[in-house]
Amino acid sequence: MARITFHAFLCLQLIDYYYLSMSESAAIITQGLKKEFGDKVAVADLTLKVDKGEVFGFLGPNGAGKTTAVKMLLGLIYPTSGKGEVLGSPLGDHRARNRVGFMPEHFRFHDWLTAVEFLNLHGNLYHMPGERLDERIPELLELVGLQAHAEKKLRAFSKGMLQRIGLAQALLNDPELVFLDEPTSGLDPVGRRLVRDIIRELSNGGTTVFLNSHLLSEVEITCDRVAFIRQGEVLTTSSLKSLVEGELTVEVRARNLNQDIVSGLERWSQNVRADGDHLSLTLSGEAVIPEINQYLVENGVDVYAIRPKQLSLEDLFIQVVGTEGGL
Amino acid sequence: MTTLVIARLTFREAGRRKILLAALVLGLIYLAIYGVGFYYVDQETTRSQFGPGLLELNQIRNFLFMAGLYVVNFLTAMMAVLTSVDTLSGEIASGTIQTLVSKPVQRWEIVFGKWLGFAGMLTLYLLLMAGGTVGLVYIISGYLAPNVLRGLGLLWVNAVLLLGVSLAGGAILSTLANGVLVFGLFGIAFIGGWIEQIGSFIQNQTAVNVGIISSLIIPSEALWKRAAFEMQSPLVAALGFSPFTAASMPSLLMVLYGMVYALLALLLAIGLFNRRDL
């Protein structure tokens, strides 16, 4: 009995060793993180690894435990069990947070402060010297397009403006790792594009971005890799590139279609649906699109549009997570 | 460093939310009314046809002075609770705490910073109100109660004791529940203190014990009574009973208990906030 226990102990040590050696290149690494609130399991078993420099999308229906997971990584919530590292330090180590930025979901801030005072406060909490803040704050206000509102109190800010100032706050310290929890939920299209551009810029600069979102189009555009989470468990992790290179759906708008022509399309696609002037085909890749176009034109079809629709993240989301989530 | 940032933030918040202004204006009104009242009473008693001696005059002045300080103690206690009752629970409920705690700071620094900020405010408030009362009495009548500094020190301990309790409650309870808790404790101390006073006056040991137990639950009234004992004039002490003074004097051990209690309340607040999910 004692011997078995000893072996088990050795195995655990080896797993630990493996786990630590992986953490060299990882910005975030967690193993079996679990959080229970009373009887309710918010996060069941979170095991994931986010590489340095990648934009990582964390997807799941509402109530899947995304925010709880982020809060555990930031030391706001203590895990019931499991462990993890953020930038090489164990969870909850406040020193690591010097290199971390966080924009919380509901962006509630001390609204009696002006934008500049707010950023100064948080810069002070990052232990940034005054001269550096004097440079950094105007830069950030410009980045998020709030330079005209520097002296305005946050109380007078719209939801979108609060989100922008929250983003500026998360970037004060030029973080190596940024957590963005639903960063665009309150933004208009202009604001969304801004956030997207900022994420791209961060990524180009080597910053790791952990993006918590249920807005799939946004994740699709910005992320390198995504994890699907349901009921606090990572169901699958996949690279978006492989998604993009995989199957795609093409939508065609054309006149003078007939049954024969539509049937002829089956040599490129197993899945052809025709609905009046609209066609929908699933293809193995985009390389065949010109051939299809040529085929249609040669058969006297007036082609108005051919729109490749990547197998969207939404489709994948539904596929992986199922439809019963989000309650 | 972080504690000072948070302390300054706490101060600034009180300023922005007009708490400081309201406290200052009402404090000044209080002092004005007290000063005018004291002046006329003192005038009247001084030139009374009975021609009281200086000793008796000073009894009356001491009585009025203690009445003033009784109100100051009450107002400072209210300030201690009302300003801080919402500070942790409110920030947790609204979520503003998340951007603070996710910074490279330790949680105790936030609690201690808030404590420092509020303790600083309470010190200023006490200096204004109690200092003003002492000053007015002295300017108008030339009377200075004994052991004023020791007495005011005890009022200060009482204020930070309640502050600590209110922070500790706020670390785990909602604002409303915390308010119920702290005022409930305050009420226990208050009624316990009176039972002890009366028990001591009628020499009923059980009633005195009830008071002592309530002082162990929360020693805020005991601190006031010790402060009143320190500052009361010897004759009042000999008379033994007045609503604003102490018939039964809490021991120095109780004072020490009060100080340790105030410190433990702060440590408890830190410990509870440390363990809490935000």
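Two strands pair if DSSP finds at least two bridges between them. Keep that cut-off in mind for the strands of chain A. The model I am showing is a predicted one.

Start with strand E4 of chain A and strand E5, residues 89-90, of chain A. They are joined by two bridges and run antiparallel, so they meet the cut-off of at least two bridges. In one of these bridges, A:Val86 is the partner of A:Ser89 in E5(A). E4(A) and E5(A) make a hairpin, and two residues lie between them. One residue in the turn, A:Leu87, has a positive phi of about 50°.

E4(A), residues 81-86, also pairs with strand E1 of chain A, residues 26-37. That pairing is antiparallel too, over five bridges. Within it, A:Thr30 sits opposite A:Gly84 in E4(A).

Now chain B. What does its secondary structure come to? Twelve helices and zero strands. Of the 278 residues in chain B, 47% count as buried. Take the contacts in chain B between residues at least 6 apart in sequence: 81% of them join residues at least 24 apart.

Last, where the chains touch. In chain A, 22 residues are in contact with 21 residues of chain B. Helix H3 of chain A, residues 115-125, gives the largest share of chain A's side, four residues. By class, that side has eleven nonpolar, eight polar and three charged residues.

Technical notes
Residues numbered from 1 in each chain as written. Chains lettered and ligands numbered in written order. Predicted model: local features only at pLDDT ≥ 70, side-chain atom pairs only at ≥ 80, totals over all residues. Contact = placed C-beta atoms within 7 Å. Nonpolar A, V, L, I, M, F, W, Y, C, P; charged D, E, K, R; others polar. Buried ≥ 20, exposed ≤ 12 C-beta atoms within 10 Å, placed from the backbone.
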